[in-house]
Amino acid sequence: FDAVKFATYLNGPEDLMRLMKLVTGHRRLPMSVMGMGALGRLSRLTLAKLGSLLNYGFIGDSNAPGQWPAPRLKELLSEL
């Protein structure tokens, strides 16, 4: 199983839109796409809903800006 991972800092809503287009566009390989920063949490939910795989949450301390605590991420993704 091959996949490509894109994790990038989001400077604004335009960057999130670019990632949304990336996830929903023509793909040759499965993708894990996520943003970091102030829009990181929103991006992780939105992009997962659009088909991004391998979403990351944390247990203990976050290691990237915009991550959700793992239990909360699981809860929110199950509600989408």
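What pattern does the chain follow, read along the sequence? I read off β-α-β-α-β-β-α. That comes from three helices and four strands, taken as DSSP runs numbered from the N terminus (helices are H or I with at least four residues, strands are E with at least two).

A note on the ground rules. I am working with a predicted model, where local features need pLDDT of at least 70 and side-chain atom pairs count only at pLDDT 80 or more, while totals for chains, interfaces and linings use all residues. Residues are numbered from 1 along each chain as its sequence is written, and side-chain values use heavy atoms, with hydrogens and water left out.

**Overall form.** I looked up the radius of gyration, taken over C-alpha atoms, and the globule rule, 2.2 Å times the number of residues to the power 0.38. For 80 residues a compact globule would come out near 12 Å, and the chain agrees because it has 12 Å. Along the principal axes, the C-alpha atoms fill a box of roughly 35 × 30 × 20 Å. Next I checked contacts, meaning heavy atoms within 4.5 Å. Of those with a separation of 6 or more, 54% join residues 24 or more positions apart.

**Burial and core.** Buried residues are 32% of the 80 in the chain. Which residues make up the largest nonpolar core? I found seven: Leu10, Leu16, Leu19, Val23, Met31, Val33 and Leu47. α1 (13-24) and β2 (31-36) are the elements giving it two or more residues, and α1 has the largest share with three. A core here is a set of buried Ala, Val, Leu, Ile, Met, Phe, Trp, Tyr and Cys residues joined through side-chain atoms within 4.5 Å.

**Helix α2.** Its buried residues are Gly40, Ser43, Arg44, Leu45 and Leu47. They pack against α1, β2, β4 (68-69) and α3 (70-79). I picked Ser43, which sits in α2 (residues 40-49). Is Ser43 buried or exposed? It is buried, because its relative accessible area is 0%. Its side chain reaches the backbone nitrogen of Gly35 at 2.9 Å. Beyond four places in sequence, Ser43 is in contact with Leu10, Leu16, Met34, Gly35 and Ala48.

**Rings.** I noted the charged end of Arg41 over the ring of Trp68, 4.5 Å from its centre. To count, CZ of Arg or NZ of Lys must be within 6 Å of the ring centre and within 35 degrees of the ring normal.

**After α2.** Gly51, just after the helix, takes a positive phi of about 120°. Leu54 has a positive phi too, about 60°, although it is not a glycine. Most residues other than glycine have a negative phi. I placed Leu54 in the loop between α2 and β3 (57-58); it counts as partly exposed because its relative accessibility is 49%.

**Leu77.** My last stop was Leu77, in helix α3. Leu77 is partly exposed because its relative accessibility is 29%. What does Leu77 touch, not counting residues up to four places away in sequence? I get Leu45, Ala48 and Asn55. Leu77 and Asn55 are 22 residues apart along the chain, with 9.6 Å between their C-alpha atoms.

How values were computed
Buried < 20%, exposed > 50% of the residue type's maximum accessible area, 1.4 Å probe, protein only. Polar contact = N/O pair within 3.5 Å; in protein donor to acceptor, adjacent residues only side chain to side chain.
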